[in-house]
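Please read it alongside the model.

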Amino acid sequence: MTTTQDSPTAAGSGANASSNFKAKARDTAAVPPERVSAVVTAVLHGVHTAIRDQQVTYPEFQAAKAWLMAVGEGGEWPLFMDVFVEHVVEEVAAAAQRGTKGTIEGPYYLPGQVKLPAECELPHREDEKGTPLVLSGQVRDLDGTPLAGAEVDIWHADADGYYSGFAPHLPDGNLRGVVVTGADGRFAIRTVQPAPYQIPTDGPTGKLIEAAGWHPWRPAHLHIMVRAAGHRTITTQLYFAGGEWLDSDVAEATKPELILDPVDDGTGVRRATYDFELEGN
C-alpha cells in the first residue's frame with residue numbers, strides 16, 4: 001500500500017483494483033474482429049441514441065469527456081465497470097449455466113489466499129469486531145455427488161465495511177481464505193458477519209452517483225468462488241435476510257436465491273447453511 005490513512009480512498013482502492021485486474025492477465029487477443037465490430041458498434045449506437053433522445057448539449061458532452069478522463073486517471077474503471085456493468089454480463093452468462101446461482105465478482109477479489117481445512121476460522125485480527133458467523137454447507141455436482149477437495153474461496157468486508165488489501169489499516173489476508181472441502185464435500189467456516197458498505201465516493205465514480213442523486217451502498221454480503229476439478233467455477237455472493245440496502249443494491253447484484261437467514265444458536269453465534277451445486281465442464 002502506498003497510503004497510510006485509516007480509511008480507503010477512491011484513488012487508493014482504484015489503484016489497487018487496477019493493479020489486481022492487470023495481474024490477472026486477461027487475454028483479449030482471441031476476440032475475432034467481427035465480434036469486436038459488432039459489440040463496439042452496438043455500444044456506440046446506444047450512446048448515439050441516448051444523446052439524441054436526451055438532447056445532450058455541448059457543455060454536458062464536455063463534462064462527460066472530463067469525467068471519463070478522471071475515471072481513467074483515478075484508476076476507477078474496474079470499480080465503475082464492476083458496479084454498473086458486470087451484473088448484466090453475469091446475467092447473460094448465467095442464461096446458459098446450471099447449478100448454484102452466480103453473481104458479480106466485484107473489484108475486491110485477491111487470488112492466492114491461505115488454504116484452510118474444511119472446518120476452519122478465517123484469518124482475522126485479535127480484536128476483530130462483529131457478530132460471530134458460521135457458514136456451513138456442502139459442495140456437490142448436479143447429480144448430488146459430494147465433491148471432496150473442492151475449494152471454497154471466500155472473502156468479505158469487516159464489521160466496518162472495509163476489505164483487506166484495499167484498506168491500509170487492515171492486515172493482508174484478513175477475512176480471506178480458500179477452504180478445502182472434506183471427503184463428504186462439506187465445510188464449516190467461522191468468521192464475522194460483514195457490514196454493508198458504500199463504494200468509495202471521493203473520486204469520479206462517487207461524483208457521478210452524487211450528481212445523479214443515487215446512493216452508493218451495497219448490502220452486507222459474503223463473496224464466494226467455488227472451484228472443483230472437472231466442473232465450472234461458480235462466482236457468487238451470499239446476502240443476509242432483512243439486511244439494509246438489500247432491495248436497492250447500487251451494483252444490482254442481489255438475487256433471492258442467494259439470501260441467507262442466519263439463526264442465533266443461543267451463544268451469540270449466528271449460523272447459516274448454504275450448499276453449492278457445480279455443473280460439469
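Helix 4 (residues 77-84) and helix 6 (residues 204-212) cross at roughly 40°, their axes coming within 9 Å, and are therefore oblique to each other. Under the convention used, angles under 35 degrees are roughly parallel, over 145 roughly antiparallel, 65 to 115 roughly perpendicular and the rest oblique. The model is predicted: local features need pLDDT of at least 70 and side-chain atom pairs pLDDT 80 or more, while totals for chains, interfaces and linings use all residues. Residues are numbered from 1 along each chain as its sequence is written, and side-chain values use heavy atoms, without hydrogens and water.

**Helix 4 with helix 6**
- L79, F80 and F84 of helix 4 touch T205, L208 and I209 of helix 6 (contact: heavy atoms within 4.5 Å).
- This contact comprises five nonpolar residues, one polar and no charged.

**Helix 3 with helix 6**
- The axes of helix 3 (residues 58-73) and helix 6 lie 9 Å apart at an angle of about 140°, which makes helix 3 oblique to helix 6.
- W67, A70 and V71 of helix 3 meet P204, T205 and L208 of helix 6.

**Second largest pocket**
- The second largest pocket holds about 590 Å³ of space.
- A pocket is an open set of points on a 1 Å grid where a 1.4 Å probe fits, with protein on both sides within 12 Å along at least five of seven lines; lining residues have an atom within 4 Å of a point.
- Of its 17 lining residues, V56, E60, F61, A64 and K65 lie nearest the centre.
- Helix 3 contributes the most to this lining, with seven residues.

Conventions. Axes fitted to C-alpha atoms, helices over the stretch in contact; angles between N-to-C directions. Helix = DSSP H or I, 4+ residues; strand = E, 2+ residues; numbered from the N terminus. Nonpolar A, V, L, I, M, F, W, Y, C, P; charged D, E, K, R; others polar. Points joined across faces, edges and corners; volume = space filled by probe spheres on them.
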